[in-house]
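Open the model in a viewer with secondary structure shown as a cartoon.

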Amino acid sequence: MIKKLESTKDYVLAIEIANEYVHADVEQCKQWFDEKLAQGKDKVNLICKVDELPVTHISCRAFWEDGLFALRHIKNLGHIAIIGHGKLLKIMVGMDGAMFNRSKKGLVERYFDVSEMDKAWDFVNEEV
């Protein structure tokens, strides 16, 4: 299940994914992202809280579609903060960041532990 969180910056998309991540969730996230772009934003910063999402409850279809959407919109992605807990997620975000971070163009993805929520918000509130 996905829900949109409140953000004080118009270029930040804040979401929380809990319990499961399925095709309908990806479609909702795409809609919210496209709305940010329609507002004239070149870069969208994303904060995604997934501490209540077991990796085993992410559908393969959702994982694939999410990745394709991100690749298609790589030029529109700014700072990405993934908030969770656990070594596996931290490793996955680190690997993803190593492949796709383009700090000269603004795309930087980082993992934050749930206890670092304030740091994650500071990171995505930086305009790229």
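The tour follows in order of selection. This is a predicted model, in which local features need pLDDT of at least 70, side-chain atom pairs count only at pLDDT 80 or more, and totals for chains, interfaces and linings use all residues. Residues are numbered from 1 along each chain as its sequence is written, and side-chain values use heavy atoms, without hydrogens and water.

**The sheet.** Select the strands (DSSP runs of E, at least two residues, numbered from the N terminus). Five of them, in the order E1-E2-E3-E4-E5, form an open sheet with mixed pairing; strands pair if DSSP finds at least two bridges between them. E1 (2-4) and E5 (108-113) each have a single partner strand, so one side of each lacks a neighbour in the sheet. From one strand to the next, the twist averages 20°.

Go to E2 (residues 12-17), which runs antiparallel to E1 and is joined to it by 3 bridges. Ile-2 has Ile-17 in E2 as its bridge partner.

**The helix.** Now select H3 (residues 87-100), which packs on the sheet and touches E4 (77-84) and E5; contact means heavy atoms within 4.5 Å. The direction of H3 makes about 170° with that of E5, where axes are lines fitted to C-alpha atoms, for helices over the stretch in contact, and angles run from 0 to 180 degrees between N-to-C directions.

**Its two sides.** Colour Leu-89, Val-93 and Gly-97 of H3, which are buried (under 20% relative accessible area, with exposed over 50% and partly exposed in between; 1.4 Å probe, protein chains only). What covers the buried residues of H3 includes E4 and E5. Turn to the other side of H3 for Lys-87, Met-95, Ala-98 and Met-99, which are exposed.

How values were computed
Helix = DSSP H or I, 4+ residues; strand = E, 2+ residues; numbered from the N terminus.
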